[in-house]
Amino acid sequence: MPLVEMTDVHKTFPAARGGAAVEAIRGVDLAVEAGEIVGIVGYSGAGKSTLVRLINALETTTSGSVRIDGREITTLGERALREVRLGIGMVFQQFNLFGSRTVWGNIAYPLEVAGVPRAEQNRRISDLLHFVGLADKAHSHVEELSGGQKQRVGIARALATNPKLLLADEATSALDPETTQEVLALLRRVNRELGITIVVITHEMDVVRSLAHRVVVMEAGRIVEEGPVVRVLSDPQQQVTRRFVATIVDDEPGAEALAALHERHAGRFVKLAFRGDEVRQSDVFAVLLDHGVRFELVFGGIEEVQGETFGNLTLALDGDPAAVDAAVDAVRVLVPLKELAR
Amino acid sequence: MTDTNIGQLWPLFWSAAWETLYMVAITLTLGGLLGLLLGLALYVTRRGGLYASRPVNVVLNVLVNFFRPIPFVIFIAAAQPLARVVVGTGIGNPAIIFALTIAAMFGISRIVEQNLVTVDPGVIEAARSVGASRARIVRTVVIPEALGPLVLGYTFVFVAIVDMTAVAGVVGGGGLGNFALQYGFRQFDTVVTWTAVIVIVVLVQVGQLAGSSAARRILRR
């Protein structure tokens, strides 16, 4: 049984004064298995923030079913929903810490809501502070903390009530690259060491690459593509996915770059797509050399994601035209090959 | 130096000062509490609020907008019939305190509302996400997060109430306003007038200082 199961979920926001109704979510089916990290990517307005808020019922669905741990939550009353929310942690882009409370007080808040006895609260908060590496900041006020520290407090607060599920809404988008890595490492530990399922919303593919097991791509309120991260990064199907993937994986040179490359390099251009380890680059290069074709690598790169290697290499092939033809045919048998015409 | 009767007036003066303090204290407490409740109601019933309700919000706004602009000196007269019903008399300090409290309530409600809307909706969402009830959020998030500006707002109100008590002196209220009017202005006794002025200034300064330092402590700046 999936931890989160959404079936044909719709969410329409009623018309604001002078505006039209907004269909934020238009028929989403999504299953999140216990223990996995799912990355939801999409541009602003794609509906990803709304989608996660339907998971912990901060927003109510217009239609469709949302099951958390098998329990239908769309029909629950406010009191029962509060209980559901206690079992789901949430971290935010702007941290949303309570400025009127210390670090300790922030982490205590969910425990106070849950009615946890004081002694147990203290134990729990102390454990969490150690887990996120902020034991020395327990009595600091939040405005004294750096962005990364604030987010670690946010994570500790979200974990206070031992949730099974953690929702991260652009949790690293307000952080610098180095701090982003720290927070991502912490989220990985949350998943690995505590076994907590994580749904992370982001527009940064780097976050997906380094954190998620599975990626869900949203556009205009729908899920347009989903799959294991390596599959989606190495073989994106939809236009929007390709645009996201292109931000971190070199695919092939665009028209302008291609023209510039042709200026500098003689010969035919071909793009080779390497997937996994079944075909080695050295095998491909050996074929080219056997045919007496000289080649240059003019564009592309190799990625390693979660232990799997893939990449796209654009080569300029130079030599006797007949030999190049033969070499291209031979390589085509080994790896997917695409001609890049002038 | 003009002739002055201040020497004989000291006992009257101190009792007037005491009356002012008493009126201000009651008004600030009662009006402050009622204003806080009304301000909270204005805030939570706003669009997107914790208890969002357009009809309730509209009614409250019409009510506040109707009463708040009435000049206080006229409001005292206008509130007389209601004062007779609530405090049993239309004249004297009880009626004045009643009018002060109601006027302060409407003024304070707006100040409270204005300070509460500055609370980051994100922290309210964070509280909702851990399962806090709406009433709990108002009590443990909204008010504490806005406490610094609220204290400054109440300090501002304190000064305004001191001003209103003096105005009340014109229409039968006691206190320093009445004292300055009766024994200073009408007797052409500038020393008496200025003695009242100085005590009022000191009172306002002390209140302002206390409020500012409390707000600073809360905001830790």
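Visitor: Which residue stands opposite Ile88(A) in S7(A)?

Guide: Leu165(A) does. This is a predicted model, so read the pairing as part of a prediction.

Visitor: How many bridges join S6(A) to S7(A), and do they run parallel or antiparallel?

Guide: The general idea comes first. Strands of a sheet pair through backbone hydrogen bonds, in either a parallel or an antiparallel sense. Here, five bridges link S6(A) and S7(A), and the two run parallel.

Visitor: Which residues of S6(A) point one way, and which the other?

Guide: In a regular strand, side chains alternate between the two faces of the sheet. On S6(A), Ile88(A), Met90(A) and Phe92(A) point one way. Gly89(A) and Val91(A) point the other way. All are buried.

Visitor: Why is S6(A) largely enclosed by the rest of the structure?

Guide: Count the buried residues. Five of the five residues of S6(A) are buried, so the strand is largely enclosed.

Visitor: How should I read H5(A)?

Guide: Start with its span. Helix H5 of chain A covers residues 147-159, 13 residues in total. From first C-alpha to last it reaches 18 Å, close to the 18 Å expected at 1.5 Å a residue. Then check burial. Eleven of the 13 residues are buried, so H5(A) is largely enclosed by the rest of the structure. Among them are Gln149(A), Lys150(A), Arg152(A) and Leu159(A).

Visitor: What covers the buried residues of H5(A)?

Guide: The cover includes strands S6 (88-92) and S7 (165-169) of chain A. It also includes helices H3 (103-114), H4 (118-131) and H6 (177-194) of chain A.

Visitor: What is the order of the strands in the open sheet of four?

Guide: The order is S2-S1-S4-S5 in chain A, with antiparallel pairing. S2 (22-32) and S5 (71-72) of chain A stand at the edges. Each has a single partner strand, so one side of each is left without a neighbour in the sheet. S1 (residues 4-13) and S4 (residues 63-68) of chain A pair over five bridges. Thr7(A) has Ser65(A) in S4(A) as its bridge partner. Helix H1 (residues 48-55) of chain A packs on this sheet, touching S1, S2 and S4 of chain A. The direction of H1(A) makes about 60° with that of S2(A).

Visitor: How many residues does the contact take from chain A and from chain B?

Guide: Chain A gives 18 residues and chain B gives 16 residues. On the chain A side, H2 (78-86), S6 and H3 each supply at least two residues. H2(A) provides the largest share, four residues. The chain A side divides into eight nonpolar, seven polar and three charged residues.

How values were computed: Residues are numbered from 1 along each chain as its sequence is written. Chains are lettered from A and ligands numbered from 1 in the order in which they are written. This is a predicted model: local features need pLDDT of at least 70, side-chain atom pairs count only at pLDDT 80 or more; totals for chains, interfaces and linings use all residues. The expected span of a helix is 1.5 Å times one less than its number of residues. A residue is buried if 20 or more other C-beta atoms lie within 10 Å of its own, exposed if 12 or fewer, and partly exposed in between; C-beta atoms are placed from the backbone. Two residues are in contact if their C-beta atoms, placed from the backbone, lie within 7 Å. Two strands pair if DSSP finds at least two bridges between them. Ala, Val, Leu, Ile, Met, Phe, Trp, Tyr, Cys and Pro count as nonpolar, Asp, Glu, Lys and Arg as charged, and the others, Gly among them, as polar. Axes are lines fitted to C-alpha atoms, for helices over the stretch in contact, and angles run from 0 to 180 degrees between N-to-C directions.
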